Amino acid sequence: MKYFVATLFNCLTLFAIWVAILNTNNAEATTVPWYENLPAVAMDYKVHIDPGKEDCYFQYVNPGATFYVSFQVVRGGDGMAGFAVRHPSGQIVHPYQWRPSSEYQDERSTGGYYSVCIDNQFSRFADKLVNLYITVVRYDQWEKYTKELEEINLNMENFTSSIVTVERNINEMLQYQYHSRGREARDYNLLQGYLAGKWWGPTNKRPIVALHGWQDSCGTFDRLIPLLPKHIPILALDSPGHGFSYKLPAGIAYRNSDSPIMIKEIIKYFGWNKITLMGHSLGAILSYTYGFLFPKDVDYVICIDGLNPLITPKGMQRVVRSLEEFLKYDELQRSNQEPPSYTIEEMVQRIHLGTRKSIAMETAKYILCRNIAPSKKHSGKYYFNRDARLKVGPLVCEDPAQIIATASNITFPIFISKAEQSPFFGNETIFKDVIQMVKKESSDCQFHEIPGTHHVHLNEPQILGELITKFIEKHDKGDREASGFKNEIIYKGLDCQEMQVAAKL
């Protein structure tokens with residue numbers, strides 16, 4: 001199904017009222033929508049283009065008017081789409097170009113309906129959200145309309161009937177937009193871009209927010225969440241640069257210190273007074289970090305195989321290397337070059353071995369389906385679509401003493417699990433010191449050593465399912481009615497079903 005959001009506005013609101021009133025006397029003579037006769041019309045759309053599809057939109061332009069149109073890909077796939085403009089005569093005045101943005105202007109139109117087309121046919125799986133901006137300005141009409149506007153004298157007696165007429169004309173305008181330009185859509189934006197994810201369970205309650213590990217995706221929780229209490233919703237997110245979420249602009253690094261800002265923005269967006277966090281690996285570290293920074297915001301936290309911020313083993317030497325890595329990967333990301341591509345079997349093998357066999361071969365598909373895209377160069381092959389800059393190492397040196405000291409802020413209930421076959425990614429001594437401090441300060445610190453690998457929650461979710469369920473049932477006593485799923489969140493199409501089928505995952 002295709003969606004888009006459209007907003008129509010004119011340069012002076014009174015023009016709209018005035019022309020609407022005049023149209024009650026000229027309804028039969030009008031051959032185009034009433035608002036097309038305004039001296040200036042501006043339209044701003046967000047258009048959702050399905051993969052492999054092309055959509056065209058038509059805009060009437062008066063003879064002698066200036067016509068301008070621009071487009072910009074907001075999100076999706078490689079961030080580019082085709083864009084073309086056809087003149088009313090049938091001539092293509094702006095040929096198709098696969099670009100992130102483009103524009104066209106006709107300073108003195110001969111008049112008629114222009115066709116504006118957005119093409120996503122080169123993308124087999126990724127949908128695109130495109131911002132489309134159109135203006136039509138009749139400069140020769142400005143002086144005339146301004147003079148006539150000054151002569152209008154609306155009194156209270158005719159104002160009511162005028163408003164009724166305006167309402168009817170607005171309804172006609174909306175119907176015209178509906179039939180000519182498509183259906184309504186909703187867009188979900190946070191921070192500089194958008195966060196994609198999966199909402200599990202009831203939509204009328206405040207959810208637990210789940211954060212995945214480094215270079216994974218929210219699919220990491222696909223097998224665990226169904227084992228948790230079903231009356232409590234869970235919002236599993238793709239972190240920036242991962243999965244279907246946005247990538248940072250060129251020249252900006254991904255830093256763990258930015259995650260508290262992201263979480264704060266999520267709380268603000270939904271209007272929550274509390275937040276519950278569940279994280280795996282890096283997601284657990286980010287959840288814990290937010291907890292010791294803003295303990296009053298948190299009702300409880302669940303940390304799966306991750307806890308305190310990691311200590312950089314070689315200090316500043318490692319930071320210097322990370323800065324050099326950033327410059328390399330940032331340049332690679334700017335180039336828009338397609339990364340190396342592999343068959344699905346090869347990708348499963350790479351993710352299995354790349355995680356030191358932590359992710360089982362049979363469960364790799366839950367991570368892969370949101371982190372890969374089909375190659376444009378090699379049919380039947382795929383590449384990892386996550387941001388190359390995620391590979392950059394630590395850009396700061398954490399203070400061990402400070403890490404232990406901040407553990408005293410963890411006063412809320414916290415669940416911590418450590419898999420027996422998972423290595424300590426940080427300093428084991430500091431981890432144990434932090435655990436002791438948390439046990440001392442937390443109202444209920446539950447620490448469990450469990451069998452399995454670093455991704456035990458994905459490979460064998462039943463091991464953790466019962467333990468986490470008991471913890472949730474014990475501590476989930478707060479109000480979750482504050483804010484649930486918001487109507488403007490776009491969720492259709494943000495799943496992996498098509499990818500799974502196409503890639504045979």
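This is a predicted model: local features need pLDDT of at least 70, side-chain atom pairs count only at pLDDT 80 or more; totals for chains, interfaces and linings use all residues.

Modeller: A residue is called buried when its relative accessible area is under 20%, exposed when it is over 50%, and partly exposed in between (1.4 Å probe, protein chains only). Residues are numbered from 1 along each chain as its sequence is written, and side-chain values use heavy atoms, leaving out hydrogens and water.

With a disulfide taken as a pair of cysteine sulfur atoms within 2.5 Å, a search of the whole structure finds 1. The bond joins Cys56 to Cys117, with 2.0 Å from S to S. These two residues lie 61 residues apart, Cys56 in strand E3 and Cys117 in strand E8, and the pair thus links distant parts of the chain. The torsion about their S-S bond is about 110°, and the disulfide is therefore right-handed. The two ends are placed as follows: Cys56 has a relative accessible area of 30% and is partly exposed, whereas Cys117, at 9%, counts as buried.

The strands concerned (DSSP runs of E, at least two residues, numbered from the N terminus) belong to an open sheet of 4 strands in the order E3-E8-E5-E6, with antiparallel pairing. Strand E3 (54-61) and strand E6 (92-99) are the edge strands, each pairing on one side only. From one strand to the next, the twist averages 15°; the angle is taken between N-to-C directions of lines fitted to C-alpha atoms and runs from 0 to 180 degrees. Strands are said to pair if DSSP finds at least two bridges between them; E3 and strand E8 (residues 112-119) run antiparallel and are joined by 8 bridges. One of the residues involved is Tyr57, whose bridge partner in E8 is Val116.

Other cysteines deserve a word. Cys303 is buried because its relative accessibility is 0%. Its closest cysteine sulfur is that of Cys445, and since this lies 9.4 Å away, the distance is too far for a bond. Cys397, with a relative accessible area of 37%, is partly exposed.

Helix H4 covers residues 259-270, and its buried residues include Ile263, Tyr269 and Phe270. Among the elements that cover the buried residues of H4 are strand E11 (208-211), E13 and helix H5 (282-293). Gly271, which follows H4, has a positive phi, near 80°. Rings of Phe, Tyr and Trp (its six-membered ring) pair if their centres lie within 6.5 Å, with planes under 30 degrees apart counted as stacked, over 60 as edge-to-face and the rest as tilted. Such pairs link Trp199, Tyr269, Phe270 and Trp272 into a cluster. Phe270 and Trp272 are both buried.

Leu277, in strand E13 (residues 275-280), has 0% relative accessibility and so counts as buried. Beyond its neighbours within four places in sequence, Leu277 is in contact (heavy atoms within 4.5 Å) with residues including Ile263, Ile208 and Tyr290. The C-alpha atoms of Leu277 and Val298 are separated by 7.8 Å, although the two residues are 21 residues apart along the chain.

Terms used: The expected span of a helix is 1.5 Å times one less than its number of residues.
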